[in-house]
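Subject: Structure handover

Hello,

My notes on it follow below.

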Amino acid sequence: MYHQVSHSVLIVLVIASLCTCLAPHGSWDRFNLAPESRTSQPRRIHSFGGDVHGQQNLVGSTNTSGIATLSGKGSFVVLDFGQEVGGRVFLNIVKSHPHSTLSLSFTESPQFINPLLSDDSCRSVATMDSDGVQSLPTPLKRGKFIQTIGEQRGGFRYLTIVTDSSGQVSIAGVGVECTFMPHWDDLRAYTGYFFAKDSKLDDTDFLTRLWYAGAYTVQTNTIDSHQARQFPCPLPKGWANNDTGGPVSGPILVDGAKRDRTVWPGDLGISTHTELVALNDLLPSINGIRVMFSTQDPITGALQYSGPPINAKGSDAYIAWSLIGTHNAWLYTGDIEFVTSIWANYTKALAFLESQVDETGLMDVPAAFSQDWGREGGQGHNSAANVLLYRALITGSELASQLGDAELAETYIANATHLKESINRVLWDESAEMYRDNETTTLHPQDANSLAVLFNVTQTQEQNEAISEGLTQFWTDIGPVSPELADTIIPFVGGFEVHISLSQSHIPLTSEFLIAACAFHGWTRREGVGSDAQSFDELIPLKWGYMLTTNLSVHSTLLEGFTANGSLAYRASEGYNFDLSDISHSHGWATGPTSALTFHVLGITLTSPLGQTWSIAPILSGLDAAEGGFETGLGWFGVKWFMKGDELIVQINTPKGTSGVVKLPGSGPIQVDNQPARATQEIRLEGGVYNLTRSLVRVGN
């Protein structure tokens with residue numbers, strides 16, 4: 001049965017999350033989107049209609065004292081908060097008549113601004129009117145009105161205030177009381193940072209803006225466990241965000257700010273990494289994983305597809321993500337007591353997945369457990385599900401070793417080795433040089449191929465390079481279309497592709513393949529492999545650039561998904577009932593670039609819990625400089641690198657008492673603190689502050 005976390009462990013975790021050191025201040029601070037206080041005011045008037053006077057008094061510094069008056073039925077004002085916000089709306093009723101009425105409507109996208117309707121957050125319907133509006137209690141009382149917790153909107157940018165009667169109403173002091181990240185006093189107190197300028201992009205600060213947009217997205221997805229979306233939804237219309245998200249207290253990391261406000265373990269496969277590099281606050285992820293193990297079927301060992309209150313069932317892939325997420329949380333916190341508390345549930349869930357392995361050596365996913373992120377064709381010898389099982393076995397082996405069960409650790413490794421061989425024997429398509437979705441199709445999915453490289457299922461470097469190149473066939477001007485769900489650009493899977501595109505840049509540079517003087521191409525990789533600037537010049541700007549700039553979204557947080565033509569009809573016919581207003585505009589699974597920029601451009605990765613051992617291998621990727629880092633319970637891990645003429649200078653800072661390896665691009669001699677290093681590929685160092693240099697030769701014009 002599920003093991004409840006002890007109060008003492010929770011207290012330790014909460015204290016650990018609060019007793020952190022802040023990232024250093026710098027020019028990157030201006031990209032931090034987190035509000036300075038728990039109260040946000042509208043930044044501008046988007047529009048208004050009918051008989052409205054003094055509407056500008058509802059914005060900015062005049063918000064608390066200026067008065068706006070709406071007269072006549074249907075008069076309205078649309079307030080723009082400038083970015084995604086979430087929480088309890090409040091306003092002051094200064095003057096009203098006995099029969100005066102007011103209603104509030106909300107939307108993330110300006111496409112759905114409507115004084116009569118909110119965007120949908122609770123159920124998706126083709127008429128796009130399931131949420132409706134919130135009507136204030138009548139008769140309107142003078143003084144402050146504030147939404148209840150259940151009435152709060154988890155995520156929105158635009159608030160419309162409309163009169164429903166002929167009576168005149170005067171209001172003032174409109175704002176929103178932020179409810180996300182309830183366990184943080186200072187929402188801007190990031191423990192990590194990233195900063196780089198890319199001269200090849202029109203917006204030279206794009207990479208920095210993207211890193212912080214991902215961080216803010218995850219903040220908006222961190223909610224109190226008792227503020228989940230009600231399910232089933234209120235009838236006949238409306239929403240309620242005061243349901244229980246699982247048998248835990250404190251914060252949970254959910255999928256979206258507006259929708260679903262529920263733990264989905266696949267999403268944690270991206271958002272937990274963002275949580276580490278920006279916030280060093282893993283408590284919401286750990287609570288989320290506990291929620292998932294609380295859903296275990298006591299007979300079969302299966303876990304649910306999502307946590308309460310949705311309680312979706314039927315996904316082998318998401319069971320694997322719960323297992324993988326356990327390892328991620330342990331790696332980033334070193335909390336072995338957490339692992340111990342759910343270990344019986346963990347091993348039973350992994351046994352459930354392994355029970356589906358057949359004579360081919362592959363897991364044969366039954367239709368009843370074939371759900372995934374929304375893709376089609378998840379059943380049978382599905383390659384993505386089998387890759388996830390492989391990763392679960394590898395990470396399970398490491399956890400078993402930590403718990404002193406050497407026999408189980410060896411069994412998991414042996415099973416993983418056999419599974420890897422079977423995946424490559426049955427599912428590798430030699431002619432396409434990519435993995436098939438299963439042995440009966442020619443479809444080469446984005447998810448399985450990206451994850452196979454990321455999780456080391458491939459057997460050769462040539463496979464990695466071929467997959468990275470092969471995935472580019474799906475690219476469009478605004479992002480790669482996922483072949484496993486037609487017409488869909490899915491940032492969740494795209495986040496894994498960004499990681500592998502960058503990770504394939506670790507091929508050592510030699511004198512004949514060093515740098516093209518042309519700034520557009522930047523530092524190049526071997527002929528035929530492609531540019532290690534590829535992910536920046538193409539993949540990151542084309543997908544995440546669209547999300548951050550399209551006038552269909554919020555310009556601050558990251559979209560759940562969109563279509564090949566850029567519309568919000570993501571999964572319109574695949575579960576979303578053609579309700580374009582239902583899409584989430586602040587979805588943690590879209591934040592893959594935030595951790596990718598830290599793990600690959602800065603090159604900082606943890607190779608044992610909390611970073612007791614680490615690796616630093618920066619990728620230049622056409623940039624002239626980059627800096628940043630993050631914190632764990634052991635201290636600060638920071639990297640700053642820049643080019644000075646033909647010389648690469650790398651400054652690193654890691655906690656005392658740790659150790660790691662540094663790998664730099666190029667093949668020439670390396671100096672450490674002005675002293676020649678004995679090695680040229682891997683420099684082994686104890687924790688501390690170091691300056692490394694390597695000369696890189698420029699070739700061409």
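A residue is called buried under 20% relative accessible area, exposed over 50% and partly exposed in between (1.4 Å probe, protein chains only). Helices (H or I, at least four residues) and strands (E, at least two) are DSSP runs, numbered from the N terminus. This is a predicted model, so local features need pLDDT of at least 70 and side-chain atom pairs count only at pLDDT 80 or more, while totals for chains, interfaces and linings use all residues. Residues are numbered from 1 along each chain as its sequence is written, and side-chain values use heavy atoms, with hydrogens and water left out.

Helix H9

Helix H9 spans residues 446–454 and is mostly covered, with eight of its nine residues buried. Those buried residues are Gln446, Asp447, Ala448, Asn449, Ser450, Leu451, Ala452 and Val453. After H9 comes Asn456, with a positive phi near 65°.

Pocket

A pocket is found on a 1 Å grid over the protein atoms alone: it is an open set of points where a 1.4 Å probe fits, with protein on both sides within 12 Å along at least five of seven lines. Lining residues have an atom within 4 Å of a point. Grid points are joined across faces, edges and corners, and a volume is the space filled by probe spheres set on the points.

The second largest pocket has a volume of about 580 Å³. Its lining holds 32 residues. Nearest the centre are Asp260, Trp264, Tyr305, Arg571 and Tyr576. By type, the lining of this pocket splits into ten nonpolar, nine polar and 13 charged residues. Here Ala, Val, Leu, Ile, Met, Phe, Trp, Tyr, Cys and Pro count as nonpolar, Asp, Glu, Lys and Arg as charged, and the others, Gly among them, as polar.

Aromatic rings

Rings of Phe, Tyr and Trp (its six-membered ring) pair if their centres lie within 6.5 Å; planes under 30 degrees apart are stacked, over 60 edge-to-face, and the rest tilted. The count comes to 24 aromatic pairs. One of them joins Phe81 and Phe156, edge-to-face, at 5.6 Å centre to centre and 85° between the planes. This pair links distant parts of the chain: Phe81 is in strand E3 (residues 68–96), Phe156 in strand E7 (residues 153–163), and they are 75 residues apart. Both Phe81 and Phe156 are buried.

Tyr570 and Tyr576 also pair edge-to-face, because their ring centres are 5.7 Å apart and their planes stand at 75°. Tyr570 is buried at 1% relative accessibility. Tyr576 is buried too, at 10%. Ring pairs also link Trp321, Phe455, Phe492, Phe496 and Trp589 into a cluster.

Two charges sit over rings; the rule asks for NZ of Lys or CZ of Arg within 6 Å of the ring centre and within 35 degrees of the ring normal. Lys144 lies over the face of Phe90, 4.6 Å from the ring centre. Arg153 lies over the face of Trp239, at 4.4 Å.

Buried residues and their contacts

Contact means heavy atoms within 4.5 Å. The contacts below leave out residues up to four places away in sequence.

Ser322 lies in helix H5 (residues 316–333). Ser322 is buried, at 2% relative accessibility. It is in contact with Pro265, Ile289, Met292, Phe293 and Leu303.

Arg259 is in the loop between strand E11 (251–253) and helix H3 (265–279). Arg259 is buried at 3%. Its contacts include Glu560, Tyr576 and Asp582.

Ser586 is in the loop between strand E18 (562–563) and helix H13 (592–601). Its relative accessible area is 0%, so Ser586 is buried. Among its contacts are Glu84, Glu108 and Asp255.

Backbone

Most residues other than glycine have a negative phi, and most peptide bonds are trans. A cis peptide bond joins Phe231 and Pro232, with omega about 0°. Another cis bond joins Pro308 and Pro309, again with omega about 0°. Met128 has a positive phi near 55° and is partly exposed at 27%. Asn577 has a positive phi of about 55° and is partly exposed at 41%.

Best wishes
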